[in-house]
Amino acid sequence: MKDATPQTIYLKDYQVPEYLIEKTELVFELNEEDCKVSSRLHIRRNPNSQSKQSDLFLHGGSELDLQQVAIDGVVLASDRYQRSEEGLVIKQVVDTAVVEIDLLIKPHLNTTMMGLYKSRTLYCTQCEAEGFRNITFYLDRPDVMSEFITKIIADKTLFPVLLSNGNAVEQGDLNDGRHFATWHDPFKKPAYLFALVAGDLSVVEDSFTTCSNREILLQIFVEEKDLNKCDHAMLSLKNSMGWDEQTYGREYDLNRFMIVAVDDFNMGAMENKGLNIFNTSAVLANPKTTTDAAFQRVEAIVAHEYFHNWSGNRVTCRDWFQLSLKEGFTVYRDSQFSADMNSPVVKRIEDVGYLRTHQFAEDAGPMSHPVQPDAYMEINNFYTLTVYEKGAEVVGMIHSLLGDEKFRQGSDLYFSRHDGQAVTIEEFVGAMEEVSGLDLQQFRRWYKQSGTPVVDVTSNYDPKAKTYSLTFEQSCPATPGQSQKKPFVIPIKFGLVGVDGQDLPLNTQGDQSMVFSLYETRQTLVFENIQQPPVPSLLRGFSAPIRLNYDYSSNELAHLMANDSDGFNRWDAGQKLSLKVLNQLIEDAIAERELVMDQQLITVLSDVLSNQSLDPAMVNLMLQLPSEAQLHEQAEIIQVQAIHRAREFARQSIASALQAQLVSTHQRLTETQAYAPQAEQIGRRALRNCSLGYLMNIEGVGSELAWQQFNDASNMTDKAAALSALVNCETAQDYAAKALKIFEQDYVDETLAMNLWLQVQATCKLTNGLNRVKALMEHSAFNINNPNKARSLLGAFCSANPINFHSKDGSGYGFLQQQIIALNALNPQVAARLVTPLTRWKKLPEPNRQLMRDALQQIANHKGLVKDVQEIVTKSL
């Protein structure tokens, strides 16, 4: 492999394509050793291009074995075209022509899982972002949209199911034991939305009647052994279709909607038009093998990919700098859907917890970039939390500023005006601006400026004038390439909580909650007729993706925990109080002082636990201390051992003080009903397992309860929670060994359950973690070529087991470096994702800082580094 020499691509250099492809006709002849791909591209010169260039450039990878090129039926001599590492140049092409290309590819050797590849016995594709160029020579850019007709020919015994985008138009047998199927997608799409699947698959079918009374065939294709794991995905699909009609007025357009489950897949799922290809982990679900969290993930991903039919497919992005146009908007849509299907407050808390822990860290790291980047080396590296999750928050802020009615009008205008087009973020924001009459010029900085804004708030109460003021001051730290930031428009939803726990009126209309738009560097609000100093409830519902600082006392936070009418802020007050306590314990641990637990936190957690009027899901979330990852993110210097010791001490103290309540809660919430992945049951199971987690700190109590729960559990949620509790408990290792063996025996043929088995052991906080992971790499359940398994073992250890990964001898870093180099040649996308834990080296103390940097440098020095990895490593160093 040659050393990668990645070139930076800039948004400012965008030019419209010189040629367009009106229609694409493809024929795939699938064989064991190779695949013949024949393409007929009906091209025409783009009238919007100023170029008079007569040469046609088509993207294509170096692994394409070109056989023949013809134009309008005339085979070209070899001097009429030229190969390069990036593609094919055909010389002297007229304004309108049919370009015909025959070539061979070897899908069974494609370990990158981009383009056409084999997942065990199944042929499948992944073309986003630039995988189609690994299939054939093409204008592989999102602003070239074409009608597709695809014919697939294969052995009927080995590949009885032949699928592609659109509607099936013809199928039949051939006289050599082979058969064919032809598919037609009448809706123009870019090549990244192309899909093909061929294999021996079974199918679960259902139907959905649209709002215009059209009957849509719904199909989920899986291996026969997985037929009993499709019901939840099918229900989620039907719920998504109905919700999108009702909420956004979006009706499905083709005659059928297909999902295929694939075990070897780099992503969660892909929204290919009419033929969604899913990672098995994102579609298969059964109570015996699937946790509640995985059930909810399936629901969310099915919805996300379905919603892309409009926000991504019918209206797509002009170029990859507009990626958040489809992904940010669609993440926002799927989060709305999940909130409506379950608990809105719980969903918001989960989303914000993830954002604060992971996206805020991305904003503060070497790969920090705006929601709309202005440059990239490798586009696969920009499928990030900033583009997706922060992009969704930006859409949510637009919704907040416009209100429900105008936001719906804006989305309707956007879809109707740009149906069938490849557009930019500007068109989306412009539609919102047009219907609302708002000037969103300053708001656009959310798309252009990187980093997490910081808002510092101070208050002042004047007892004589009976006025209360809040002063807001915003800033944003410097990020790579952006040292100076201009003020954002920040919608801050807030209320004032009185001494009696009630919300105070904020104006003469009696509003008890309002949204304030902070658009200057510093602004002050004054409230009149305030009889006593209130406690401000700031950033309700997390109305903007910012860090908000206000100097709350512990008593004020306890007051908000008990009384705030905003469910999110009740939880957040508890998190802030916990952070106060943990930060003091961390300071004491660093200074080697005796650790003493704050009794106020124990008291408020006891009150929460005893309040049976609260939703169990909320109680569970309020009992959760900030994770070690969250503590790492908010620390200037990550003192790994001190953070771990402080948090473990706090958990032990809470367990000791609340033992009786925790045991009572665990017993009270034992489920007697048949399993259902519904919000009420999920909340009860979550609180029960949270209680068990705390009780593992009580010797002789927790281990017995966990062992009993492991053996009695009727669902994977309770079984996996008990298994994890035992594995992480020093005094329960006899039970843990037995439980791991039983689990392995019971689920040896269930791939996703065995991935969970690997993950539980990879994240075990007990000593000797690296050796456990190395031993598991030799286990038959692990295969580094499978992305799910690499994430379950390698990714989980390096990202979610800090106390073992950050050993002072640097062995964890050296181990990760070796795995990244091994994956570099096999699967660049997975390798690049694994680099992330090493990019935080500047936040670590010595000797870890230098040891981690050395590991990065070793990767940088590797000959043949792919550009996916090289870009992240170079920027990190």
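The model is predicted, so local features need pLDDT of at least 70 and side-chain atom pairs count only at pLDDT 80 or more, while totals for chains, interfaces and linings use all residues. Residues are numbered from 1 along each chain as its sequence is written, and side-chain values use heavy atoms, leaving out hydrogens and water.

Me: Why does the radius of gyration of the protein agree with a compact globule?
Reply: The radius is taken over C-alpha atoms, and the globule rule is 2.2 Å times the number of residues to the power 0.38. Because the protein has 877 residues, a compact globule would have a radius near 29 Å, and this agrees with the value for the protein, 28 Å.

Me: What percentage of the residues in the protein is buried?
Reply: Buried means under 20% relative accessible area, with a 1.4 Å probe and protein chains only. Of the 877 residues, the buried ones make up 59%.

Me: What share of the contacts with a separation of 6 or more joins residues 24 or more positions apart?
Reply: Contact means heavy atoms within 4.5 Å. Phe472, for instance, touches Val455, Ile492 and Leu538, among others. In the protein, residues 24 or more positions apart account for 70%.

Terms used:
Buried means under 20% relative accessible area, exposed over 50%, partly exposed in between (1.4 Å probe, protein chains only). Lists of a residue's contacts leave out its neighbours within four places in sequence.
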